[in-house]
Amino acid sequence: MNFFNSAYEGTPPWDIGRPQKEFIQLAENGEISGRVLDAGCGTGENALYLAHLGFEVWGIDAAPSAIKKAKEKAKERGITVNFLVSGALKLQLLQNKFDTVIDCGLFHVFSDEERPIFAASLSSALHPGGKYFMLCFSEHEPRSYGPRRVTQAKIWAAFSKGWKINYIREAVLETTFGSEGVKAWLSSISRL
Ligand SMILES: C[S@@+](CC[C@H](N)C(=O)[O-])C[C@H]1O[C@@H](n2cnc3c(N)ncnc32)[C@H](O)[C@@H]1O
């Protein structure tokens, strides 16, 4: 976690200063609903975007430096988001349930051992029928930098019990490295 906390002393490559196009598209398609949690929200651009549209949004991140920046942005922009320093592997500590959880670049940082813990944690924070939208690096991204890649098979494996995978689509995760972004998967997964 020190890696992430230190990264936010500067501007890390995933912190693009605007919402990701894939989440804008989800909102415009009407796929986001109800109370929203942004898990691993970083400095909060996706959370702030959804709150600006009128959703009640919480954003959690384990890096205090990220949450500090997110809170400053919310204040400057006059947008209300409940930003908290909290761990995504223990979402039950939030003692709250959400209709939608978004994840931009969180799942792909977890180890194989952490993935089932995260799935259980996520389940504790979603109402039955609630949806989890995950954007992660895909194995088709050829450049050497970035987190380890996630295959569709690994997504199916992580959400095999207690979940319904609605779709896994080819997507783009925007970064500060270049305008084309990186090859990603966008998954829509419902809690049963
Ligand atoms: C690649 S960054 C993406 C941040 C943000 N979603 C965005 O798109 O700008 C991954 C984020 O996950 C956070 N993170 C990593 N492990 C976490 C954990 N166990 N609990 C909560 N946040 C975590 C990091 O601090 C970091 O902000």
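The model is predicted, so local features need pLDDT of at least 70, side-chain atom pairs count only at pLDDT 80 or more, and totals for chains, interfaces and linings use all residues. Residues are numbered from 1 along each chain as its sequence is written, and side-chain values use heavy atoms, with hydrogens and water left out.

## Ligand site

The ligand sits in the largest pocket. A pocket is an open set of points on a 1 Å grid over the protein atoms alone, where a 1.4 Å probe fits and protein lies on both sides within 12 Å along at least five of seven lines. To sit there, more than half of the molecule's atoms must lie within 2 Å of the grid points.

Around the ligand there are 19 residues, and Y8, G40, D61, A88 and C104 come nearest. The cut-off for this list is a heavy atom within 4 Å of the molecule.

| Residue and part | Ligand atom | Distance |
|---|---|---|
| Y8, side chain N or O | oxygen | 2.6 Å |
| G40, backbone N or O | nitrogen | 2.7 Å |
| A62, polar backbone atom | nitrogen | 3.2 Å |

Taken alone, the ligand exposes 590 Å², and the protein buries 91% of that. Accessible areas come from the Shrake-Rupley method with a 1.4 Å probe; for residues, only the protein chains shown count as cover.

## Helix α3

Helices are DSSP runs of H or I with at least four residues, strands are runs of E with at least two, and both are numbered from the N terminus. Helix α3 spans residues 45-52 and is mostly covered, with seven of its eight residues buried. Buried means under 20% relative accessible area, exposed over 50%, and partly exposed in between, with a 1.4 Å probe and protein chains only.

The buried residues are E45, N46, A47, L48, Y49, L50 and A51. Their cover includes the helices α2 (21-28) and α4 (64-77). It also includes the strands β1 (36-39), β2 (57-61), β3 (82-85) and β4 (98-104). Just after α3, G54 takes a positive phi of about 115°.

## Buried residues in other helices

S65 is found in helix α4. It counts as buried because its relative accessibility is 18%. Its side chain makes a polar contact with the side chain of N5 at 2.6 Å. Not counting residues up to four places away in sequence, S65 touches F4, N5 and Y8. Contact here means heavy atoms within 4.5 Å. Y8 also has a side-chain N or O atom 2.6 Å from a ligand oxygen.

S121 belongs to helix α5 (residues 114-125). It counts as buried because its relative accessibility is 1%. Its side chain reaches the backbone nitrogen of K90 at 3.5 Å. Beyond four places in sequence, S121 touches A88, L89, K90, L91 and Q92. A88 is also among the residues that come nearest to the ligand.

L26 is found in helix α2. It counts as buried because its relative accessibility is 1%. Leaving aside neighbours within four places in sequence, L26 is in contact with E31, I32, F133, Y167 and L186. The C-alpha atoms of L26 and G10 are separated by 29 Å, at 16 residues apart along the chain.

## Loop residues

Where does Q95 sit? It lies in the loop between β3 and β4. Q95 has a positive phi of about 50° although it is not a glycine. It counts as exposed because its relative accessibility is 71%.

G162 is in the loop between α6 (152-158) and β6 (163-173). It is partly exposed because its relative accessible area is 40%. Not counting residues up to four places away, G162 touches S190, R191 and L192. G162 and S123 are 39 residues apart in sequence and 8.4 Å apart in space, C-alpha to C-alpha.

R149 is found in the loop between β5 (126-137) and α6. Its side chain reaches the backbone oxygen of P147 at 2.7 Å. A polar atom of the R149 side chain also lies 2.9 Å from the backbone oxygen of Y145. Not counting residues up to four places away in sequence, R149 touches F137, S138, E139, E141, R143 and S144. The C-alpha atoms of R149 and A184, 35 residues apart along the chain, are separated by 8.8 Å.

How values were computed. Polar contact = N/O pair within 3.5 Å; in protein donor to acceptor, adjacent residues only side chain to side chain. 1 Å grid on protein atoms, 1.4 Å probe; cavity = no way out; pocket = protein on both sides within 12 Å on 5 of 7 lines; lining within 4 Å.
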